[in-house]
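Hi everyone, thanks for coming.

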Amino acid sequence: MSEVVAKNAVQALRWIVEHEHHEGFLRGPHDAATALVLVGAAHRLVIPTGMTEGLMQPADFDATRRMFEPTPAGNELLAASI
């Protein structure tokens, strides 16, 4: 399984849009987590704490096969990055 550490919010948001992910957990102690880790079938994304604050939200897993999706602000950021 490959692991990607997001370098910026756009990279993290692109990953959650492009990859199904079925598991998520915090890395580090729960009272001072250092990252959110999202796990897909073949890939894992590490999002440093605070990087995507306000840019992603829980998704309808049954409909999307994803735990998270971009918020409207996240979609605007993605659109502006093209």
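Predicted model: local features only at pLDDT ≥ 70, side-chain atom pairs only at ≥ 80, totals over all residues.

The chain has 3 helices and 6 strands, where helices (H or I, at least four residues) and strands (E, at least two) are DSSP runs numbered from the N terminus.

Residues are numbered from 1 along each chain as its sequence is written, and side-chain values use heavy atoms, leaving out hydrogens and water.

Now the overall form. The C-alpha atoms fill a box of roughly 35 × 25 × 20 Å along the principal axes. Of the 82 residues, 33% are buried; buried means under 20% relative accessible area, exposed over 50%, and partly exposed in between, using a 1.4 Å probe and protein chains only. On charge, there are 6 positive and 10 negative side chains, with Lys and Arg counted as positive, Asp and Glu as negative, and His and the chain ends not counted.

Let's go inside, starting with tryptophan 15. Tryptophan 15 sits in helix 1, residues 9-18, and counts as buried because its relative accessibility is 6%. Which residues does tryptophan 15 touch, not counting those up to four places away in sequence? They are His21, Leu38, Gly40, His43, Arg44 and Leu45, where a contact means heavy atoms within 4.5 Å. Leucine 45 is 30 residues away along the chain, yet the two C-alpha atoms are separated by 7.5 Å.

You'll find histidine 21 in the loop between helix 1 and strand 2 (23-27). Is histidine 21 buried or exposed? Buried, with a relative accessible area of 1%. The side chain of histidine 21 reaches the backbone oxygen of histidine 19 at 2.9 Å, and also the backbone nitrogen of methionine 67 at 3.2 Å. Beyond four places in sequence, histidine 21 touches several residues, including Trp15, Phe61, Arg65 and Phe68.

That brings me to arginine 65, in the loop between helix 2 (61-64) and strand 6 (68-70). Arginine 65 counts as partly exposed, at 39% relative accessibility. Its phi is near 60°, a positive value in a residue other than glycine.

Definitions and conventions. Charge placed at Lys NZ, Arg CZ, Asp CG, Glu CD. Polar contact = N/O pair within 3.5 Å; in protein donor to acceptor, adjacent residues only side chain to side chain.
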